[in-house]
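Okay, thanks for making time, everyone.

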Amino acid sequence: MKYLCHICIVHICLFSITLGIDSLQSPLKVNIQEIDKKSNIAELPAMDLRIGETGLVWHKFDENYKSIIAYATIIRIDSGVAYATLDNQDVLEQKYLPLPTNKPIINDEIFFRTLNNLAFIIAPTLESYDRVRMQHPQVQFLNSDLIMGYLFDVGGFDPKPKFFNKVCQVYNVGLLYVVTTNKLNILDCQSLVVLQQYDFDTSEAKSNKTIAPFFSRVQYASSGSLDGVLKSKKSRQYFEYYDTFVAQGKDFKP
């Protein structure tokens, strides 16, 4: 009987974890209720939003035309009200087009989780990378080779917060799954805040050689130039690097 109860508890825990992850893939639309123009903070119905979630603000210009004009990031939830900062910097940035000049107003719509059907994995080994994929079959993970290719394109070795923001924008990815010491962290790609965190055994990865700056089938190729030699390569210490990155988020400075 005790054994059966233990099995039931395990199944209940696994169901709760899956349910929590699935909620991140369920798009949610809310309307702005109030805006503090001085602080640029909007008030929204809290629904099941989490601190750190980022949404896209849609402004209606007329009956036929709407446009994304800003990001909204949840910073506080209190008594059924969610408070979100509003920022139009880099939103849908196109070098041939100007940034939106319209500011969000009351009743503008904010769409959350619309990009969360796609995610990237940052892992130290092939084994840990594959384990994340197998444990989360409901998520469509894009290959980490895409991140590495973009890292080659922008130069450098250690991926920084702004790099992750940008590569997620390029591929319309909403979530970043990052393996750290005995944890799997699910981060919002723009706020880099941990939305969910689960236990994840990394003893195998720590006892074997990790791949820097993260697992990818494409290996980093140094240019051989003096600039390439001098570039920071702190992410060769995978766990030290990403443990700190997850803890500090956008404030992380390698």
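Look at Lys206 to start with: its charged end sits over the ring of Phe239, 5.0 Å from the centre. By "over a ring" I mean that NZ of Lys or CZ of Arg is within 6 Å of the ring centre and within 35 degrees of the ring normal. Arg76 also lies over a ring face, that of Tyr83, at 3.9 Å from the ring centre.

Quick housekeeping. This is a predicted model, so local features need pLDDT of at least 70 and side-chain atom pairs count only at pLDDT 80 or more, while totals for chains, interfaces and linings use all residues. Residues are numbered from 1 along each chain as its sequence is written, and side-chain values use heavy atoms, with hydrogens and water left out.

One aromatic cluster takes in Tyr150, Phe163, Phe164, Tyr238, Phe239, Tyr241, Tyr242, Phe245 and Phe252. How many aromatic pairs does the structure hold? There are 14, where rings of Phe, Tyr and Trp (its six-membered ring) pair if their centres lie within 6.5 Å, and planes under 30 degrees apart are stacked, over 60 edge-to-face, and the rest tilted.

One of those pairs is Phe163 with Phe164, edge-to-face, at 5.6 Å centre to centre and 65 degrees between the planes. Then there's Tyr242 with Phe245: the centres are 6.3 Å apart and the planes are at 90 degrees, so that pair is edge-to-face too. Tyr242 and Phe245 both lie in helix α7, 3 residues apart, about one turn of the helix. Helices here are DSSP runs of H or I, at least four residues, and strands are runs of E, at least two, numbered from the N terminus.

The cut-offs: buried is under 20% relative accessible area, exposed is over 50%, and partly exposed is in between, with a 1.4 Å probe and protein chains only.

Now to helix α4, residues 161–170. Of its 10 residues, 7 are buried, so the helix is largely enclosed by the rest of the structure. The buried ones are Pro161, Phe163, Phe164, Asn165, Val167, Cys168 and Gln169. And what covers them? The cover includes β5 (66–78), β8 (118–122), α3 (144–154), β10 (175–180) and α7 (238–248), with contact meaning heavy atoms within 4.5 Å.

Cys168 deserves a stop of its own. Which residue does Cys168 join through a disulfide? Cys189, with S to S at 2.1 Å. Cys168 sits in α4 and Cys189 in the loop between β11 (183–188) and β12 (194–199), so the pair ties together parts that are 21 residues apart in sequence. The structure holds 1 disulfide, defined as a pair of cysteine sulfur atoms within 2.5 Å. Both Cys168 and Cys189 are buried.

Asn172 counts as partly exposed, at 45% relative accessibility. Asn182 is another non-glycine with a positive phi, about 60 degrees; you'll find Asn182 in the loop between β10 and β11, partly exposed at 37%.

β5 came up as part of the cover, so let's see what it pairs with. Strand β4 (residues 54–60) runs antiparallel to β5, joined by 7 bridges; two strands count as paired if DSSP finds at least two bridges between them. His59 has Ser67 in β5 as its bridge partner, and β4 and β5 make a hairpin with 5 residues between them. On to strand β6 (residues 81–87): 7 bridges join β5 to β6, again antiparallel, and Ile77 stands opposite Ala82 in β6. The β5–β6 hairpin has 2 residues between its strands, and Ser79 in the turn has a positive phi of about 50 degrees.

Last stop, for anyone who checks omegas. Ala212 and Pro213 are joined by a cis peptide bond, with omega about 0 degrees. Pro213 lies in the loop between α5 (203–207) and α6 (226–230).
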